[in-house]
Amino acid sequence: EQNGLGDRVILHQSAVARETGTAHLNFWTGEHNDNEGMNYVTAEGRSAGSIAVKTISIDDFCSQHGVTVVDLVKIDVQGNEPDVLAGAERLLRRKAIKTIFLELNWHHEDQTTCPASKVVNLLEREGYQFADPKLPLKFRAAGPWLRALSDVAATSGQPSTPAGSPAEV
């Protein structure tokens, strides 16, 4: 409302997850407690004062709201990116999510099973290409070059829904 978007933006109080249901929002308890962006969602509570929250998968949300095409998704969920994208399996398979900006959480001890590798593998299987999110975007196949990035853009390479279409989000 402060930005004059109250007639175009609808707030949904749910955490995006692999499945629709409930989970626990865990609060960052860092030394200075100065980074609320480090709060995270898990199946079971892991921090003092964690609270139960409703979850919804992207596939379920879009199905419930009649959304067939998503032009842009931004995901930064502290290593839970693979779960969020697993909850968008139907849309990804149809290439109905056009562009995704997301954080890559590389764990250098085991790069094959870290969240970043899982995300890249999932999107690569569905035919997505990747780019460093700095402009201009130059999309290409996944490769070792991605390990230098902490953020990435991915595209299905499909054209967007025409403006004004009921499926536009």
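I started with Lys95, which sits in the loop between α3 (89-93) and β6 (97-103); helices (H or I, at least four residues) and strands (E, at least two) are DSSP runs, numbered from the N terminus. Its phi is near 60°, a positive value in a residue other than glycine.

A note on what I am reading: this is a predicted model, where local features need pLDDT of at least 70, side-chain atom pairs count only at pLDDT 80 or more, and totals for chains, interfaces and linings use all residues. Residues are numbered from 1 along each chain as its sequence is written, and side-chain values use heavy atoms, with hydrogens and water left out.

Next I looked up Gln78, in the loop between β5 (70-75) and α2 (81-86). Gln78 also has a positive phi, near 50°. Most residues other than glycine have a negative phi, and most peptide bonds are trans.

I found a cis one joining Leu135 and Pro136, with omega about -5°. Pro136 belongs to the loop between β7 (129-131) and β8 (151-155).

Then the sheet: I see four strands in an open, mixed sheet, ordered β5-β6-β8-β7, where two strands pair if DSSP finds at least two bridges between them. β5 and β7 are at the edges with a single partner strand each, so one side of each lacks a neighbour in the sheet. β5 and β6 run parallel over five bridges, and Lys74 stands opposite Phe101 in β6.

Last, the rings. I noted Arg140 over the face of Trp145, at 3.8 Å from the ring centre; the test asks for NZ of Lys or CZ of Arg within 6 Å of the ring centre and within 35 degrees of the ring normal.
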